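My notes are below the display.

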Amino acid sequence: MARRDLSALTTDQLRQQVGAMRKVHAVVTGIFLVIILAWVVGGYWRQSVPVFISTLAMAVAIWAMQFSVRSGLEKELARRAGAS
């Protein structure tokens, strides 16, 4: 996958993208939290430990991926703010 050229985007476009990514990140995190909470509260994790562990691993991996993508945009915004 090719890396996007962030210098072609305006600062407002970057802010919009970071805001949109934060919303998506919050929604995905919330969905996984509800799923994991249902597993724990319902006691279903004891019936299928490998599936529960893979759900946890998937949640952590997706969270980390989203965080790393968003942090790149935030670093670019910080760089531009420092240059101003």
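The entries that follow go from the whole chain to single residues.

**Setting up**

I am working with a predicted model, in which local features need pLDDT of at least 70 and side-chain atom pairs count only at pLDDT 80 or more, while totals for chains, interfaces and linings use all residues. Residues are numbered from 1 along each chain as its sequence is written, and side-chain values use heavy atoms, with hydrogens and water left out.

**Whole chain**

I looked up the secondary structure and found 2 helices and 0 strands. Helices here are DSSP runs of H or I with at least four residues, strands are runs of E with at least two, and both are numbered from the N terminus. Helix H1 covers residues 11-42 and helix H2 residues 49-83.

Next I checked the overall dimensions. The C-alpha trace spans about 55 × 25 × 20 Å along its principal axes.

I then took the surface. The accessible surface comes to about 6200 Å², and 68% of it belongs to carbon and sulfur atoms; the method is Shrake-Rupley with a 1.4 Å probe, and for residues only the protein chains shown count as cover. Buried residues make up 23% of the 84. I use buried for under 20% relative accessible area, exposed for over 50%, and partly exposed for in between (1.4 Å probe, protein chains only).

For contacts (heavy atoms within 4.5 Å), I took those with a separation of 6 or more and found that 69% of them join residues 24 or more positions apart.

I also located the charges. The chain has 10 positive and 4 negative charges, and their mean positions are 9 Å apart. Lys and Arg count as positive, Asp and Glu as negative, and His and the chain ends are not counted. The place of a charge is NZ of Lys, CZ of Arg, CG of Asp or CD of Glu.

**Aromatic pairs**

How many aromatic pairs does the structure hold? I found 3. Rings of Phe, Tyr and Trp (its six-membered ring) pair if their centres lie within 6.5 Å; planes under 30 degrees apart count as stacked, over 60 as edge-to-face and the rest as tilted.

One of the pairs is Trp39 with Phe52, which is tilted, at 5.6 Å centre to centre and 35° between the planes. Trp39 lies in helix H1 and Phe52 in helix H2, so this pair ties together parts that are 13 residues apart in sequence. I noted both Trp39 and Phe52 as buried.

Trp63 and Phe67 form a stacked pair, at 5.3 Å centre to centre and 5° between the planes. These two are 4 residues apart in helix H2, which means a separation of about one helical turn. Trp63 is partly exposed at 41% relative accessible area, and Phe67 is partly exposed at 36%.

I recorded one aromatic cluster formed by Trp39, Trp45 and Phe52.

**Single residues**

Which residues does Leu14 touch? I listed Leu6, Leu9, Leu73, Glu76, Leu77 and Arg80. Leu14 lies in helix H1 and is buried, with a relative accessible area of 0%. Its C-alpha is 12 Å from that of Ser71, 57 residues apart in sequence.

Arg80 in helix H2 counts as buried at 14%. Its contacts are Leu6, Ser7, Leu9, Thr10, Thr11 and Leu14.

Met21, in helix H1, is partly exposed at 23%. It touches Val69, Arg70 and Leu73. Met21 and Leu73 are 52 residues apart in sequence and 9.7 Å apart, C-alpha to C-alpha.

Is Thr55 buried or exposed? Thr55 counts as buried, at 11% relative accessibility. It sits in helix H2 and touches Phe32, Ile35 and Ile36.

Ile62, also in helix H2, counts as partly exposed at 25%. It touches Val28 and Phe32. I also took the C-alpha separation of Ile62 and Val40, which is 20 Å for 22 residues along the chain.

Key:
Lists of a residue's contacts leave out its neighbours within four places in sequence.
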